[in-house]
Amino acid sequence: VPAALRVPAGQTVFLEALATGVQIYECAPKADRPSVYEWTFRAPEAVLADRAGRPLGKHYAGPTWEAPDGSTVVGALKARDPGPDPSAIPWLLLASQSSTGHGVFSQTQSIQRVQTAGGIAPAQSCTRSSAGQRVRVPYTASYYFYRAAP
C-alpha cells in the first residue's frame, strides 16, 4: 500500500470485504463554470462479500458501509492514490466519521479501498442536453477495515 494510505499506528485490520457494484455519476454543470458540463460522482452502490462469497453487507452513499447486523460506519476521506490502473477509480484511505450499532462495523477507525477495477467516470460526452442523466459504471474493490489494536 502506498505510504499515504497507511493507517495510523495502533490500528489492526479486522475485516477484508470484496465489493462488487457500481459507481454512480450524473451529468451536471461544473461548479466553477456552469456553462460546461461534466460527469459528477454521486454515490457508490455495492455488495460486500468475503473471499468465500459469503455476504458481509453493502456499501452506499455517505460513504457508508452496513453489515447484516445493522451496524454501520461512515467514512471521511483522508488520502488518495491513483493506484496502478489508470482505468480504475483511485485507492483511498478513509477515517471513521461516525458509526452506529454494536456489530461488525461499530469499532471501525480506518478503511482502505485498494485493488480497484473499473468505476471511472464515463467516456461518453456530457452536455447540456444530457444534464441530469445518470450512469452506473461497474467496479470492484477490496476494502480493509481497521480498529484499535488489542
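Contact means that heavy atoms lie within 4.5 Å of each other, and in this sense D81 touches P2, L5, P90 and W91, not counting residues up to four places away in sequence. The model is a predicted one, in which local features need pLDDT of at least 70 and side-chain atom pairs count only at pLDDT 80 or more, while totals for chains, interfaces and linings use all residues. Residues are numbered from 1 along each chain as its sequence is written, and side-chain values use heavy atoms, with hydrogens and water left out.

The protein contains 0 helices and 8 strands, where helices (H or I, at least four residues) and strands (E, at least two) are DSSP runs numbered from the N terminus. Read from the N terminus on, its elements follow the order β-β-β-β-β-β-β-β. The C-alpha trace spans about 55 × 30 × 25 Å along the principal axes of the protein. The radius of gyration, which is taken over C-alpha atoms and compared with a globule rule of 2.2 Å times the number of residues to the power 0.38, is 16 Å, and this agrees with the value near 15 Å that a compact globule of 150 residues would have.

Of the 150 residues, 43% count as buried; here buried means under 20% relative accessible area, exposed means over 50%, and partly exposed lies in between, with a 1.4 Å probe and protein chains only. The accessible surface of the protein, about 8,000 Å², belongs to carbon and sulfur atoms for 54% of its extent, and such areas come from the Shrake-Rupley method with a 1.4 Å probe, for which only the protein chains shown count as cover of residues. Among contacts with a separation of 6 or more, 61% are accounted for by residues 24 or more positions apart. The mean positions of the 14 positive and 10 negative charges are 3 Å apart, where Lys and Arg count as positive and Asp and Glu as negative, His and the chain ends not being counted, and where the place of a charge is NZ of Lys, CZ of Arg, CG of Asp or CD of Glu.

A nonpolar core is a set of buried Ala, Val, Leu, Ile, Met, Phe, Trp, Tyr and Cys residues joined through side-chain atoms within 4.5 Å. The largest such core has 25 residues, and those with the most contacts inside it are L48, W65, F105, I111, Y139, Y143 and F145. Two or more residues are given to this core by each of β1 (11–29), β2 (37–49), β6 (91–100) and β8 (134–148), with β8 giving the most, 6 residues. Another core, of 8 residues, lies apart from it and has A79, V114, Y144 and Y146 among its members.

Strand β5 (72–81) holds both V73 and D81. V73 counts as buried, at 0% relative accessibility, and its contacts, not counting residues up to four places away in sequence, include P63, W65, F105, I111 and F145. Between V73 and I111 the C-alpha to C-alpha distance is 9.5 Å, although 38 residues separate them in sequence. For D81, the C-alpha atom is 7.4 Å from that of A4, which is 77 residues apart along the chain.

The loop between β5 and β6 contains P82, which is exposed, with a relative accessible area of 61%. The loop between β6 and β7 (110–118) contains G101, which is partly exposed at 45%. G101 touches S71 and S106, not counting residues up to four places away in sequence, and its C-alpha atom is 6.8 Å from that of T72, 29 residues apart along the chain.

Two features of the backbone remain to be described. Most residues other than glycine have a negative phi, and most peptide bonds are trans. A cis peptide bond, with omega about -10 degrees, joins G62 and P63, and P63 lies in the loop between β3 (55–60) and β4 (64–66). Q115, which is not a glycine, has a positive phi of about 50 degrees; this residue is placed in strand β7 and is partly exposed, with a relative accessible area of 43%.
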